[in-house]
Amino acid sequence: MRQLIVGMACAVAALGLTAASGARSDRSAKQPAYADGAVIVDYGVGTDARLRTGLERGVGGTVRHRFRNGAVLLSVPSGQVSSAIDALRRSGQVRYAEPDYLQVASAVPNDPSFTKQWALSNLGQSVNGTTGTAGDDERATPAWDVTTGSSSIVVAEVDTGVDYNHPDLAANIWSNPGGINGCAAGTHGYNVLTSTCDPMDDDTSYGGHGTHVAGIIGAVGNNGVGVSGVNWTTRILPVKWLNSSGSGTTSQLISALDWVLQAKQAGVNIRVVNDSATFVGTSFSQALSDEIDALGQAGILFVTAAGNTGEDNDDPSVGRYPCRYDRPTEICVTASAQNDTLPSWANYGATTVDLAAPGNNIYSTLRNNTYGFINGGSMAAAQVSGAAGLILSADSLSTTALKADILDNVDPVAALSGLVRTGGRLDICSAIPGCVSRPTPSSLPVVSGAPQQGQTVAVSNGSWHGSPTSYTYQWERCDASGANCTSISGATQSSYLVTAADVGATLRGAVTATNAYGTGAAESAQTAVVTAGASNGTFGVTTVGGSSDPLTIDRKRVNHFSLGVSGNVTKLSMYLEPGGK
């Protein structure tokens, strides 16, 4: 008989650990985080009280809490958890001494429409009629176990304005303390078109393009309302330069950016500018290129969209600006879909477009307290701008270092190779030091071998985030349509010999990956329907004494046997036994 191996992909919610307070671990570190200044110790039964006190004083500790099981929680000096544990263990007087580990479930917000936000958590769910591929997202949920943003980081958005009264945005909208660029206290930005301090969104083409972008960057997270932004907590500063139909001029964009620069010089901590509008073809502007450089010199990252015309931005006759300026403190983003491919309308460019980010079928805030779906590079740029603000809330980086951190930590995607400079899609968790999680699949296991009775098939591990340390396997038998799958008893190796029981069914193999933080599972697609084939076995006379013959000189005997299926005889045994004649 033979066996068949197959794998299938399924999404697993990530589990992350929070970083220790006030400290950032090295990017390669994968040790569980723990509370600074705390040690749990158990001295065991009968330990002398004076000895306990001496040990505690020796590590600079004081008892913070006594547990009913006899253990105590010690307060120790900041930064000395490891040395205190080592000293206590070396004393030989304790049953155990260990850190006070931080364990937090994946930070999934309670916003009711979060399941529509596949960009933040793609579990393979159907969104707006499209089913995604599990794991093809920007890995926001494990990043939120490290940070959910900071109100001290300001992201400027130059667009059609923002509905700053939207209940899912209002708490995260920047408010002028008074006097910034001549605007009164309580105003929320600037309107280049009217030269006023009111950047209210009046876009009619999309129902609130700038408001949609703002929701992606920083809709209030975990507030039980609508959606969540990449940042749960941030400050969005809107500067309106596009009119109600989404059009504007180079000079108006420069004026908007100049207002942002002046605000930064006045003390507003603007670190990122999101500009989702594009100019077509040969519309190079030295003035705008210089303005982007000025932003960089002021410590501001400029994030822009690649465009939505399905063209190669490397071609100067059709390439989009500002994407093509390629300044040292600029990032150009194209849109990816729910299965990590580029939509047909998304622009690309192996030398001009830096990375992809979710931009197709994106659900976010709209004008007048509403929500809806919009497709576009605008949405992809907003994902990166939100990610930049989130990274800065956890790690102070220069503008060039911030850009490098985002681009050096993309999730490599085969479908993006040769289409974007990094060959990958935004990966927020990988860009934030200290972000760790249970293993999550980045590419699915693949089955090799023919689904035929008597054949052996095998499943690969696939590729994973989270650096798994071990893998386990389970084969499943499904019906001919690939549904109603059940585990095959004992089929727990990476290879499987297809049996007669599998004929007419399909098979798949599940792979479970494990690291220090837990497990994750992925499965291959089902195989084709298993067909009958040659079987190994014993045929003909199978018992001693089945026939007899006198042993005379030159005696010959021929027996004919038929195999039940096509095959080759690989072994023939004949036993002679004396008796009678």
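**Notebook: strands, a buried helix, a serine and a pocket**

I started with a strand pair and found Val-457 standing opposite Tyr-496 in β24. Before going on, I noted that this is a predicted model, where local features need pLDDT of at least 70, side-chain atom pairs count only at pLDDT 80 or more, and totals for chains, interfaces and linings use all residues. Residues are numbered from 1 along each chain as its sequence is written, and side-chain values use heavy atoms, with hydrogens and water left out.

I looked up how β20 (residues 456–459) meets β24: they pair in the antiparallel sense over three bridges. Two strands pair if DSSP finds at least two bridges between them; strands (E, at least two residues) and helices (H or I, at least four) are DSSP runs, numbered from the N terminus. The open sheet has three strands in the order β19-β20-β24, with antiparallel pairing. At its edges stand β19 (447–448) and β24 (495–497), each with a single partner strand, so one side of each has no neighbour in the sheet.

**The whole chain.** I noted nine helices and 26 strands.

**Helix α4.** How many residues of helix α4 (residues 209–218) are buried? I found ten of the ten, so the helix is largely enclosed by the rest of the structure. Among them are His-209, Thr-211 and Ile-217. The buried residues of α4 pack against β7 (149–159), β9 (233–240), β10 (270–275), β14 (362–366), β15 (370–374) and α7 (377–394), a contact being heavy atoms within 4.5 Å.

**Ser-285.** I found Ser-285 in the loop between β10 and α6 (286–297). Is Ser-285 buried or exposed? Ser-285 is buried, with a relative accessible area of 13%. Its side chain reaches the backbone nitrogen of Leu-288 at 3.1 Å. Leaving aside neighbours within four places in sequence, Ser-285 is in contact with Thr-250 and Tyr-325.

**The second largest pocket.** I noted about 410 Å³ of space here. Of the 25 lining residues, the closest to the pocket's centre are Tyr-206, His-209, Ser-276, Ala-277 and Ser-378. On a 1 Å grid over the protein atoms alone, a pocket is an open set of points where a 1.4 Å probe fits, with protein on both sides within 12 Å along at least five of seven lines; lining residues have an atom within 4 Å of a point. Helix α7 gives the largest share of the lining, three residues.

Technical notes: Buried means under 20% relative accessible area, exposed over 50%, partly exposed in between (1.4 Å probe, protein chains only). A polar contact is a pair of N or O atoms within 3.5 Å; within protein, one must be able to donate a hydrogen and the other to accept it, and residues adjacent in sequence count only if both atoms are side-chain atoms. Grid points are joined across faces, edges and corners, and a volume is the space filled by probe spheres set on the points.
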